[in-house]
Every structure is written in C-alpha cells, then in structure tokens.
Amino acid sequence: MTTVQDAVPGVIGTRVLRREDPELLTGEGRFTDDLKIPAALWLGVVRSPFGRAKILSIDTSAAKAAPGVVAVYTATDLQSEWAGPIPSAWQVTPDMKSPAHYPLASGSANYVGDPVAVVVANSPKEAADAVGMVDVEYEQLPAVVDLEDALSDRVVIHSELGTNVSYVWELNPNPDGIKTAFDNAAYVVKERYIQQRLIPAAMEPRSVAVVPSPMGGDYTVYSATQIPHILKVMLGLTVGISESKIRVIAPAVGGGFGSKLDVYPEELLCLALARKHRLPVRWTEERSENSQATIQGRGQVQWIELAADANGKLTGVRADIIADMGGYQQLITAGVPLLGAFLYHGVYDTPAYAFKCTGVYTNKTPTDAYRGAGRPEATYAIERAMDALAVKVGVDTVEIRRRNFIPTESFPYNSPAGLVFDSGDYAANFTQGLNFAGYDALRKKQAEMRASGSKKHLGIGISFFVEMCGLAPSRVLASLNYSAGGWESATVRILPTCKVQVVTGTAPHGQGHETSWAMIAADKLGISPDDVEVLHSDTAISPFGLDTYGSRSLSVGGTAVYIATERVLDKARKIAAHLLEASEEDLDYAGGNFSVKGSPEKVLPLAAVAFESFTAHNLPDGMEPNLEASTSWDPPNFTFPYGTHIAVVEVDEDTGKVDLVRYVAVDDCGNRINPLIVEGQVHGGLAQGIGQALFEEAVYDETGNLLTATLADYLVPSAAELPSFELDHTVTPSPTNPLGVKGIGEAGAIASPPAVMNAIVDALSHFGKINIDMPASPEKVWKAIQATKA
Amino acid sequence: MYPASFEYLRALSVAEAISMVSNNEDAKFIAGGHSLIPLMKLRLATPSTLVDIGRIGSLSYVKDEGSQIAIGALTRHRDIEISDVLRSKAPMLAHVAGMVGDPSVRHRGTIGGSIAHGDGASDLPAAVLALDAVLVVEGPSGRREIKATDFFKGFLETALGADEVLVEIRVPSDIKAWSYQKFNRRAQDWAIVGVAAVRNGTTRVSLVNMGATPLRATGTEAALASGASLDDAALRADEGIDPPADLNASVEYRRHLAHVLTKRALSELG
C-alpha cells in the first residue's frame, strides 16, 4: 500500500474505450423493462384515435370483466389522485396561456394518442387486450394542424383560452437599429422555411415501474428517463407525495435525445396507482405509442430577413417564427424555441437583431426538447439565408461567410442578442474545413460535371454553426422564467484502498459519462481511470442533480467532478504535508505521489494518505477523517461550440433522389476529454440531422391523424444511407470552465440539416432558384426541378 | 405491440401442415414471419391459429434441373442471394433476394412466404412474374402448378387455396438479359417503384408497387414487340395501370418513376 506508483500519464485527451459498452453490446444492460418485479400490475393506456374529439362516454364494463384485469380508470375516477396538473416548468411570458393538462383527458381529447383511460391488469398482454375493450364514444371535431391556420383562430382548440396562441415572446434590443438596417439595406433577403416535426425515436421506448416499499410509504420509481432528479421533484408535487418518500432510479437508458426529458402521464399514473393498489405498477411503451405519445421535436414556420450593405456585410437580422406546441404544454415545450432565440444571426457579426416567437396550440402530440432544441432551427434559418444572400450579392457561399464572421479579436463577443460568446476563431476553423474537404477541387468537379451534361448534379453545401450549450447559468435561466437552476453537483471520495468513487448529478443515457468522468478524476489524481467508479442516476445515491440535456453534462457536470476532485486532493495534500513534515507549498504531486521539493527521497503515495485519512490515527489537529469533497458548480456563462460542416450531394435529375456522397465536419468543442466519445457524438448527431434533412417527418393529415406512426413510414436513416463521415477538429478552449470544454452532444444535429439542404440547392442552382423544405424527399426534389422548368 | 391470442401448431411435413389447416378456415401458415407478424402486432391480422411450416427442412433447397431451377419455398432470402446455382444460372433472382429488406429480414424471410403473401410492393413477386416462373402448390388432393402470371389475384390475395401450401418455385435457367431497378429512400424499404425486366426471346417487364399486385407493364411489352424505341416503350410502362399514392410518392410521381426506371431497365438489357 505504501509502494510508490509508477506515474500514470495524463488520460484526458486519450481515446479510452467506453466502459459502458461491453454490457450493452452483449445484451447484458438492464433497462427498466428488463427488471423482474414480482406481483407487478401492468398498465394499458386507452388513447384517442382522433386529433380532436369530444369524449361523450366511456364504457369500461367489458374491459373490467376481461381476464386478468384488476381495474379500469377514467379521468373522473382518478381526479382525487392529483395534487396538480402535469407540470410545465417554463412559463415564458407572464401571460402565457396553458390549458389544464392531467394524465387522463376528460371532456375532450386533443391529439392522437391523448390518454383517455387506463387499464390495470396482471400482465402486459392482458392489459393490451383489455385496452381494445374499453368503449369510448367520441364526437370527432374539426382539428387544427397547420400552424398558420392555428394562428388564425378559425378553430380554437381550448375554448377556455379563447385563442390558440399560447404566447408571443419578443427580443428586440435595438428597434431603431433594425429599422435603419432594413431601410438602408443594399440587399434584403426574406426567406420562409419549415422545420418539420420529428419523432425522436429513441431505441428504447419509454418504460416506468413504481415499487412501493413494504413499509414506510416510500416508492422507488424506475424510469427510462434523462431526468431522475427533476422527475423526483415533479412526481412528488404532482401526485402529492413528499419527495423524501420518492427514490428515482434510471437504469440503463437507451437513448433520449430530449424525449425522456419530461414528466409523462404514464409515470404519474404508475405512481398514483401503485399508491392506490399498494402494489408495484409498471408500463412499457409500444413503438406505435412512442410515435404518438412521446413528445416530438421541432415544428416551426420560420421567417428570416437579412439586411446587408453593398458589400454583402450584414447590417440587420430579423426572425419571426411560429412554434408548434401541440395539444398541451409538456415540461419545457414553450421554452424550446427560445433556446434558439439568441442565435438567428449565427456566427455573423451584425449590429441589429430582432426575434419574435409565437407559440400556438395544434391537435398534435406535444412538442418539447429534441437534440439541439431551438438551436438547429436557428442555425438552419441563418445558414440557408446566408446562401440566399450570397446568390443575391453575387458572391460565393464561402465569400459571404468570410465577409461576415465575428472577428477572432472580438472574443469574448457581446452579441446583438445580449449573449457573450465565450471564445472562437471562426475564420481559422473555416479555412481548415474547406481545405480538409478540398473545396476548390469540389467546385472544379462540379463545373466539369455540369459541362459534361450529366444528369447527376453535384452540390456542395456549407453550414457554419455556433450554438449555446452547457445549460446553464442559473441566473440566466431565471431571466428566461425557467423554474430551475442550471448547476450540477459532484462528490468525489477516495476510499481506504485508494479506489475512487465519483458521484454525479448527471444522468447519462448513452453519453459515456462513466468513462469520461472517471478520466477527469483519474487525470487530476494521477491514477488509472480503472480505479475510479462513477455512480449516477439514482436519487438516493446522488441526491442533488439536474440531469442530462442541452449538451450540459461535460461543461457543467464534468467541471463539478473536476472541482470536487481538486478539493479532495487539497485535503490529501494537507494530510501528506503533515505526514511528511513539510509545508503544503513545498509539496509536488504527480503520478499519484506527493513528494517534497528538493528532497526526492521524501515521497508519499496517495494510497498511504487515503488509508491514513480512513484510520485517522495521525491526522493534523482538527481535521475530519476521510477524503471526500462535494461541490455544486454553477457556470458563469453558456459555452459556444462551433464548426464548419460541408455536405456533398449528387442529385439525380430524373428521379430527384439525393445521394449524400460525402460529409465533412470540423468541430470545435473546446478541449476534448475523450476524442472517441466526441466523434461518436458527432456521428450520432449527424445521422439525426441528415435524417431531418432527407428522411424524417411526422406527417399528420387534416384531421390530426398521424400517418407516420410506424418505423416503416417514419424514415429513420440507417448506416446504409449515410457516407463514412470525415471528421477533423480545432480547439478553442472555453474560458467558462477550468476544463476548457464546450459540448458536443448536439452539434451534429444542429449543423447538418442546412449543410445538406444548401448542397441540394447548390447542386440545382443552374436550373434557377430552388424552393425546397425538409425532408428533401425524391419527389420534392423532382418537383422543385420541374418548377424551374415550368 | 402484442398480437391478439392465437393457437400455435408446428407442422413437420407438408401433409401435416395441410391437415392442420384443412379443418380451420381461420388458420394461417407462417414461415419466416416477416410479413405476417407485423400485421398481427398491429392487429390488422388476427388468425386464430398459426401453422408453422418454417421447420419443414425438406422445402429448403435450390436444384439445377437443366432448363429450370427449382427452389424450395422455404429457402431463405439470404440462401437464395448466395446460392452458387442461382448466381450462375438465374442471377436475377439471387440479385433481387439480396435487395429484400435488411439483413435480419433476409436471414429469416423465405421466398415462398414472400410470394404467397402476394404483396404488390415486394420485390420477389414481381421478379417471378417477369421470370415467367411456375409455382408449385400442394393441397389435400396433391400437387398442381400455377403460372406466376395467374397467381397474383388482388391485394394480398393469390390463387392459393386456404388449404394449399406453396412448395416450390421454378424459374427458367440461363437468362442472360435481365435488370432489376429498385427505387427507394432507404435500403431496407419496400420499393417506391421497382421494375423487373427479362429478355428470354420476348421481353417481359413487371412493376413493383404500381398496384395491389405485382403487375406486367403490358404497354411497354407491346411497344417492344412492335419495335418501338426504348424511350417510347418506357413511356408506356404505366399504361392501363392505376398506381397508388402514399407518403413517398403521388400518382403522378409514381408514373414518372415507372417511366424512368423502365427506361433504365430496358437500357440495361442491352
């Protein structure tokens, strides 16, 4: 134990294999639905088949008589179970209008999938059979599907609100500047884009199991959630149980992308019914339910206007969007568009900026956060509009960007929307990206193909993105009326045998925190990451936390781990100084060993300090035993990752099919803890962003019926549809945190949709102006080509 | 996605399979299950009994019989894709089998199951139609042969009797001029439109997903027979056909794709 260790080289920045993977890849991961829970009752949810309908009557008698059925409940039966409605944590304006929203709809149903009754049975199969026996009499009503139609109030969905408009949120810090910019502009671009609705389609559908303790009135809630901590608080408040009686555990969670950042009716129902029946109650979502009843993402009509001077230099950017709330507010539905509200000028310097968002209700599944949440929408609008400006000014898409980048010397940059961009060197990253892609050669090839008369058209699309992540400084969230803070906690313990325990408030569901957090602690302590275990996603083990979303985990949670590790090491140093009879200032620490400067023979390994702190036989006077430190880190600012993304497509003129032949991404996420994980995040984000550009759309008909409820109709791309991604990076450390990290979880999904769409427009630019929205299906592309010929 | 309750019977011979369904009109055969099970999970199909014929090993084979290749109905797509006999003697079938669904579908699904399901959007039914295949079926009164041309009757409806099992597919050997054009958005999907073309003396062209069943492009075939140019023949691919519209393609676009893909297929025949 007192053996001097060999120095362990720094592990930060190395490609450590994810410790999470072996069990996931061999089917040994334990997800909520895998849990064996004796005597559990299973829920089956009766859902509205109509987008909008009055519920005239519900006859549960046949279902109640069905084999294995324990009970069937409607909204009326469960009214007394709720201490409050389904929580919405983001009242974006004081006068924001929200309809009452309870786990079971009463009176009317407002989207396909809206729960109207619940069956409790002895098995999932019996529950599913009985769901079909609940006889609900509906009167179908005209539905509101289109966002501009919603705005017209032709049909008002929630009559008690008097309008479909939930809120109007405006940011216009410089109205005179905006007016001047557009009055005096040499060029004005005004574009309308559609952000189609997306189904997050996590590989693991939602699942929840609530187990009451045999005594004491406690409940353990297992849920496939991204937010065990927030869920615990919200469940308690909504079901009327003290949060001290609730323990939430998120076992292995198979992806979230924001869709598990919510408090769902089924979680509330399982808890309330476990209380009522005094038995475990559980539910696992079916895939078609996942399409209908788990939140969807995006859903916007975007107007963006750019004003530019005679050199194509931006003088003003103005965005006006309509955002689709769906039938009700979920946890942060209203706030999602505002996460992009400050970024519609992108990476470009402009003196004047204005943004307005109108949130409207429709008869569709509620929207909420989906990978990027607000920032993909902003990036898409500005990056497509910049290409439109380039055409108008008559310069290359590269040149228009170079003329407008926020200059490197102006960081930290005070943005016209009121943010402070932490760090960046956009021009350098851009040059690296263009060189890496071989931009000039691509343009040459494009010209050659055009000259050859080929009916395959090469297109090169550029997207340069910046996003704000690392959610978030708590005071900034307060200024946006968000109901929670943005800090993250960590505890680091060095156990008697020098094994290290890291407890984090983040809730990984695919991000690899166990690997990365171990690396951060190990690097600081000079030990192997294998000697560090990471505990998470259990509110009894990690009582304080704000969970995982918004690319926050590393820059906030990882920083908390770093700081807590530093504090533990500080205490260890005090003990080491005492044992070595030296002053703290005279100690060096490297490779897991303390040594006295100038006396190389006086060495004490951390392991010896750890054991001494445990036995407490010889500690400095007044010092408490054990090596443990905790922190809650509240970041002073967001972080602002950025990068150059370049898509190369070939468009088949005859069929309209787009073949994505290359995809180049040069991201700058600050310092990289584990490049392997960074690249994995970029790959996943790109697949989802390219999915938005080319394949995915939640399609509703005019009655509010969801036409893409299965994965045969909702087209999630597979590896076969994607090229091998070509990745490179630059590093501009963030001054916001001691690790110098930014965030990478959402970058790919933010940057790629405009890159792909710009490439398609570029491929066909010699036909004329191409008007096309996502997803760029072959038929849409073909029709866009035909439109230029008409 | 739980199917409704059903009885499960496993047949170990064709005769046993036939006897298992002959007194149960609500029974369905199941082989690879890749067409039927999804319908059952959505409760669009609720058979009272499934008779599993998937383990009748004697129905999985590829035999070179000279002018014809005989394929057991329970031969899996993957085995067809990699069959040396088919690759050298009837390469189109091997090629088409390799384009069905994704690898897990191809390792479970069977050629007989796909053809007996009779989906107009599937690859193999259109392929056997273009190949002028003969389908051998067995029922209580023995075996009979049905030409592919007479097999596909309507939406998921075939000439198979309820108590008959498709046991063998016979395709002509040594067809050198063939083409299969599959157009879809994702590799794993059904064709939005597909075209199978075979020249064996005359040219036969069949279409995928242009109607409730796989269809012959009779306009194109007639045009070619009367010596029309490939362009003109291709433009008649949808003649007399009333294609469906769905999320991937309007009627207008489907007709257009049929023209483009037929032209490509005919050009590939050389």
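The model is predicted.

Helix 19 of chain A, which spans residues 747-763, approaches helix 10 (residues 375-393) of chain A, and the two axes come within 8 Å and cross at roughly 30°. Because angles under 35 degrees count as roughly parallel, helix 10 of chain A and helix 19 of chain A are described as roughly parallel to each other. The crossing of this pair is right-handed.

On the side of helix 10 of chain A, the contact involves A:Arg375, A:Pro376, A:Thr379, A:Tyr380, A:Glu383, A:Arg384 and A:Asp387. Helix 19 of chain A contributes A:Ala749, A:Ile750, A:Pro753, A:Pro754, A:Met757, A:Asn758 and A:Val761. Sorted by class, the residues in the contact of helix 10 of chain A with helix 19 of chain A are eight nonpolar, two polar and four charged.

Helix 19 of chain A also packs against helix 18 (residues 675-694) of chain A, at an angle of about 45° and with the axes 7 Å apart. Helix 18 of chain A and helix 19 of chain A are therefore oblique to each other. Their crossing is right-handed. From helix 18 of chain A, the contact draws on A:Val682, A:Gly685, A:Leu686, A:Gly689, A:Ile690, A:Gln692, A:Ala693 and A:Leu694. The residues supplied by helix 19 of chain A are A:Gly748, A:Ala749, A:Ser752, A:Pro753, A:Val756, A:Met757 and A:Ile760. This contact of helix 18 of chain A with helix 19 of chain A comprises ten nonpolar, five polar and no charged residues.

**Backbone features**

Most residues other than glycine have a negative phi, and most peptide bonds are trans. The table lists exceptions in this model.

| Site | Feature | Value |
|---|---|---|
| A:Phe411 to A:Pro412 | cis peptide bond | omega near -5° |
| A:Met774 to A:Pro775 | cis peptide bond | omega about -10° |
| A:Ala39 | positive phi | near 65° |
| A:Asn626 | positive phi | about 75° |

A:Pro412 belongs to the loop between helix 11 (397-404) and strand 16 (413-414) of chain A, while A:Pro775 is in the loop between helix 19 and helix 20 (778-789) of chain A. A:Ala39 occupies the loop between helix 1 (21-25) and strand 1 (41-47) of chain A, and its relative accessibility of 54% makes A:Ala39 exposed. A:Asn626 is part of the loop between helix 17 (606-615) and strand 25 (627-633) of chain A. With a relative accessibility of 42%, A:Asn626 counts as partly exposed.

**Buried residues**

A:Met96 is situated in the loop between helix 3 (75-78) and strand 4 (108-109) of chain A. Its relative accessibility is 7%, so A:Met96 counts as buried. Apart from neighbours within four places in sequence, A:Met96 is in contact with A:Ser88, A:Trp90, A:Gln91, A:Ser166, A:Tyr167, A:Gln329 and A:Ala334.

A:Cys357 is buried, with a relative accessible area of 0%, and A:Cys498 is buried at 7% relative accessibility. A disulfide is a covalent bond between the sulfur atoms of two cysteines. With a disulfide taken as a pair of cysteine sulfur atoms within 2.5 Å, the count over all chains is zero.

Conventions: Residues numbered from 1 in each chain as written. Chains lettered and ligands numbered in written order. Predicted model: local features only at pLDDT ≥ 70, side-chain atom pairs only at ≥ 80, totals over all residues. Heavy atoms only, no water. Axes fitted to C-alpha atoms, helices over the stretch in contact; angles between N-to-C directions. Helix = DSSP H or I, 4+ residues; strand = E, 2+ residues; numbered from the N terminus. Parallel < 35°, antiparallel > 145°, perpendicular 65-115°, else oblique. Left-handed = near helix turned anticlockwise from the far one by under 90°. Contact = heavy atoms within 4.5 Å. Nonpolar A, V, L, I, M, F, W, Y, C, P; charged D, E, K, R; others polar. Buried < 20%, exposed > 50% of the residue type's maximum accessible area, 1.4 Å probe, protein only.
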